[in-house]
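Please open the structure in your viewer and keep the selection panel at hand.

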Amino acid sequence: MADPTESSIVTATDIAWNVRNNVVTATAVVERHLAEIARREGDIHAFNLVLADEARARAAEIDEAVAVGRDPGALAGVPIALKDNMCTRGIPTTCSSRILDGWKPPYDATVVTKLREAGAVIVGKTNLDEFAMGSSTENSAFGPTHNPHDTSRVPGGSSGGSAAAVAAGFAALGLGSDTGGSIRQPAALCGVVGVKPTYGAVSRYGLVAFASSLDQIGPFATTVADASLLLETISGHDPMDSTSIRQGPLDITRHLDFGVAGLRVGRITDLPEGASPDVVERLEQAFDALREAGAEIVDVEVPAFTYGLTAYYLIAPAEASSNLARYDGVRFGHRVEAPDTNAMYMATRTDGFGAEVKRRIMLGTYALSAGYYDAYYGRALKVRRRIAADFATAYERADVLLTPASPTVAFHLGDKTSDPMSMYLCDTYTIPSNLTGDPAMSVPFGSGDAGLPVGVQILAPALQEATMFRTAAELERRTPK
Amino acid sequence: MEGAVALGVVSDRITPEAVAKVAKLARLSLSDDELRQATHQLSDMLDHFADIDALDLDNVEPMTHPTPIANVMREDIEMDCLDHDEVLAAAPAAEDGRFRVPPIIGLDD
Amino acid sequence: MSDTVTTEAAWTLRGYEMVVGLEVHVELATRTKLFSASPNRFGDEPNTNIDPVTLGLPGALPVLNRQAVELAMRLGLAVNCRVQRSTFARKNYFYPDMPKAYQISQYDEPICVDGWLDLPDGFRVGIERAHLEEDTGKSTHVGGTGGRIHGSDHSLIDFNRAGVPLVEIVSRPDIRNPEQAKAYVNELRAILVAVGASDAKMEEGSMRVDANVSVRLPGAEFGTRCEIKNVNSVRSVGRAIEYEAQRQVALLEAGESIRQETRHWDETDGRTHTLRSKEDADDYRYFQEPDLVVVDPDPEWIERVRFSLPVLPAARRIQLAEATGQRPDSEAVLVVTDRAQDAYVLAVATAGGDAGRALVHVKEAFADEGGQPSVPASDLAALTRMEVDGELTATQAKQVLAEIVANGAGDARAIAASKGFEALETGELEPMVDDAIASQPDAWAKFCAGEGKALGALVGAVMKASKGQADGKAVTALLEQRRDATG
């Protein structure tokens with residue numbers, strides 16, 4: 001534990017290499033991270049549950065494997081923080097909702113199985129906006145998470161817990177889920193790398209659904225290479241998810257050093273307004289950096305981009321209203337007793353769900369209900385098609401596109417809680433990728449107001465993660481100091 | 001997917017009655033205050049969402065899935081079931097190997 | 001007994017006709033559920049055939065069972081449907097036996113459309129669609145009276161049945177009388193069993209029938225319809241729609257209007273009762289299931305399924321009818337085909353026997369349980385040969401067959417000889433015929449006057465006198481000779 005070299009081994013890539021090669025022990029790595037959690041978790045509240053005992057036991061297993069010459073896998077001994085909407089067998093999975101209070105899934109999510117097989121060490125289940133609905137992690141039944149860069153500010157959301165855990169050094173890696181920006185926006189606000197992969201690249205089996213046609217699991221990491229390593233580990237076809245793409249794991253890491261010479265980087269000329277000047281300035285610097293690295297900057301138009309927010313806030317709540325109907329107090333989780341089943345449903349759901357979840361369930365129910373379907377949900381699906389078509393056109397001229405990840409740097413807790421619409425606008429730049437299914441990621445690129453991190457978003461066509469990561473790696477190398 | 005389109009466009013206002021009906025469909029109860037607030041908030045949102053009324057979408061196909069894949073099927077092979085006792089132990093109420101619920105009434109409306 | 005089963009006879013009441021369409025749900029004979037790998041098995045301990053998908057646990061995702069799709073295609077092709085690109089939708093409603101609070105069902109794009117089914121008498125019923133969907137769990141109501149919902153203390157839910165694959169077959173409103181409705185259900189069941197799609201047992205609930213019933217004056221627009229649920233036997237199908245049509249006619253005659261509603265058939269009082277009116281119908285908020293993808297069987301798959309279909313009941317009835325000289329809708333042909341004994345009858349004919357006589361004896365040949373004949377087709381062939389050659393009377397043949405059945409096989413000629421059976425010669429019959437005429441002068445007079453019915457009494461008397469050894473055909477011939485001679 002007192003290994004002098006251990007504390008300098010920080011990235012997941014380095015940890016795994018050193019553990020696999022018996023340079024450091026997984027136990028030492030895990031203890032260092034648990035110590036960091038003990039030191040700062042009280043101020044940050046990244047976790048709903050810290051799995052210290054389980055993590056130590058797992059680390060010991062990995063060390064044992066190494067000792068007898070077995071390879072524990074690509075993520076050997078790497079501490080990882082898991083968003084608390086991914087099922088872990090026998091370990092509470094709450095979605096930060098009272099309605100799942102006490103529920104322990106009888107099965108593991110596919111990503112959890114893959115992490116275990118790769119030798120990763122799950123250090124805890126992280127806080128989120130209830131059922132991943134929110135952009136600040138303030139909509140948690142267990143209280144908000146605080147931004148490690150300034151604890152008076154939000155970490156973003158909904159995967160704020162995982163973003164904060166990685167930014168605070170509680171874990172080398174994190175997993176989040178991204179339905180409208182829930183990985184990329186908190187990554188930007190916490191100054192870490194966050195990736196929403198191509199829809200279908202990572203199995204959703206065992207991810208508690210928010211909006212099924214939009215949800216994707218993806219990595220948080222401190223470096224682009226670490227994010228790549230994690231994404232390669234968790235991606236690939238899963239027969240348990242019908243929407244899983246039939247191909248092997250994504251092949252990314254070996255492309256990271258290829259540079260961007262000759263790459264066509266698109267600037268969206270009709271991007272919706274609303275980004276603050278500090279964020280816009282960093283985005284411009286990012287274009288400059290890529291141009292200097294040999295990329296060609298091209299102007300493209302995505303006229304329907306601006307309608308993404310509306311399409312999203314009709315489609316996602318509609319799917320959510322149906323996905324969240326199963327929380328009825330019959331088979332698992334929370335129940336409020338009542339004299340008849342219908343009254344029990346009402347009492348359980350009214351008590352178990354928070355305000356934002358109820359708001360979205362009602363919005364979605366309305367959008368699907370008789371007489372309104374065509375005007376709302378039906379129209380939103382058509383807008384979705386238009387957005388996808390516009391992006392396809394843009395990708396004829398550009399290999400990747402650059403936008404802000406979040407309109408602003410991290411805002412203060414409570415700033416947007418009274419006005420749902422202002423919170424929804426946080427997702428303006430991230431939403432379209434969920435609607436199209438294309439990959440997108442946020443990579444830290446300098447700081448903005450109050451010295452807080454700014455993230456630049458890179459968008460790419462479906463399954464072009466390698467190109468997207470190449471661009472991210474270049475920006476990482478050229479990050480302003 | 002069928003049904004009379006009472007409102008042709010997104011910009012039409014939502015009424016407290018419609019919100020009450022929606023809450024009932026979703027099995028959520030709202031106090032009078034909550035109903036008023038929800039109506040106000042949903043109206044605000046729908047006002048914002050009226051931006052898509054400007055689009056001509058007549059010949060646009062709805063997009064339900066991000067990826068156009070088809071025919072994903074599994075073979076008809078049995079796999080292990082969940083443990084009966086573990087599952088029932090996690091139920092809010094169980095009796096006689098089954099999930100127990102209060103009398104089933106009031107569900108047809 | 002009426003010789004043929006016709007359904008053409010019009011049902012009318014005070015000038016109104018009934019218009020009926022049937023929605024038939026059948027559980028498919030798969031090993032596992034529609035969207036998950038727990039067993040599709042009836043009768044197991046409650047909540048043992050469960051998995052995360054069946055229970056609608058958070059994070060669980062459905063994956064479609066290929067065999068369920070194939071069985072739906074088999075059924076669809078057997079009833080002349082077109083198999084097409086299809087999708088699944090969610091039908092959202094809360095009920096404790098519906099784990100996810102939505103049912104995954106094919107809605108606006110079903111897998112099979114536009115087919116038809118011919119009843120045995122040739123009447124054609126259109127089939128609008130046949131689509132896949134998942135079954136619900138089962139609720140048991142505890143306390144109160146008679147296991148009913150109303151007045152119960154609480155309910156208990158078993159999810160073993162949840163997720164079992166169903167096909168719902170929706171007919172067009174072509175049915176005009178109870179006989180057609182029953183014949184349709186019977187025919188559909190026969191097809192389902194023949195293609196291996198389902199065991200289609202109404203008594204076990206693996207086949208369930210809902211009836212949409214309306215009445216109208218012929219030629220008028222369709223009337224307001226009511227949907228009748230809880231019809232649990234073929235006989236009830238006929239009774240329920242007849243009652244419902246009568247109820248609607250009575251309402252219209254009284255100047256009242258029909259309310260569109262769902263009604264519950266009560267077997268015990270023989271009536272339908274309001275279950276819920278459509279005015280406060282649930283708003284199911286259908287939308288395409290985002291967790292599943294399109295099912296678009298390629299032409300090669302469709303053709304492979306089509307060529308693998310067995311000979312269907314209608315074609316088998318025609319084959320049997322041709323071999324036996326009966327009508328395809330005669331009761332004997334219907335029953336024997338329905339019991340899948342037609343192949344045996346044809347085998348008797350192939351072995352040199354008489355198919356017509358085999359049709360008469362087939363029931364005895366299948367006396368054992370298990371659906372297998374207990375007599376080799378060649379033995380029955382020999383027996384029927386002796387009958388048609390006049391070497392055995394029908395009564396004697398029955399006795400010989402009984403012995404063959406008892407032994408599992410046997411030489412008809414040897415058994416007949418051991419019993420001393422041989423048909424009586426004409427010379428031996430003549431005195432018996434004379435006695436019969438003398439003892440029944442009334443019957444004889446009527447027979448001479450052309451009343452065919454009187455023949456039975458005279459032949460019967462001869463059969464009795466001969467202790468069943470007379471050949472009925474020979475006796476009839478003798479009686480006719482006498483009559484013609486008298487005339």
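Helices (H or I, at least four residues) and strands (E, at least two) are DSSP runs, numbered from the N terminus. Two strands pair if DSSP finds at least two bridges between them. This is a predicted model, in which local features need pLDDT of at least 70, side-chain atom pairs count only at pLDDT 80 or more, and totals for chains, interfaces and linings use all residues. Residues are numbered from 1 along each chain as its sequence is written, while chains are lettered from A and ligands numbered from 1 in the order in which they are written.

First, select strand 2 and strand 3 of chain B. They form a hairpin with two residues between them, and their antiparallel pairing spans two bridges. In the turn, B:Asp96 has a positive phi of about 60°. Next, select B:Ala94, which stands opposite B:Phe99 in strand 3.

Which strands make up the open sheet, and in what order? The four strands follow the order 2(B)-3(B)-10(C)-9(C), with antiparallel pairing. Strand 2 (94–95) of chain B and strand 9 (138–142) of chain C are the edge strands, each pairing on one side only.

Finally, select B:Thr15, in the segment before helix 1 (16–25) of chain B. Its C-alpha atom is separated by 9.6 Å from that of B:Arg36, 21 residues apart along the chain.
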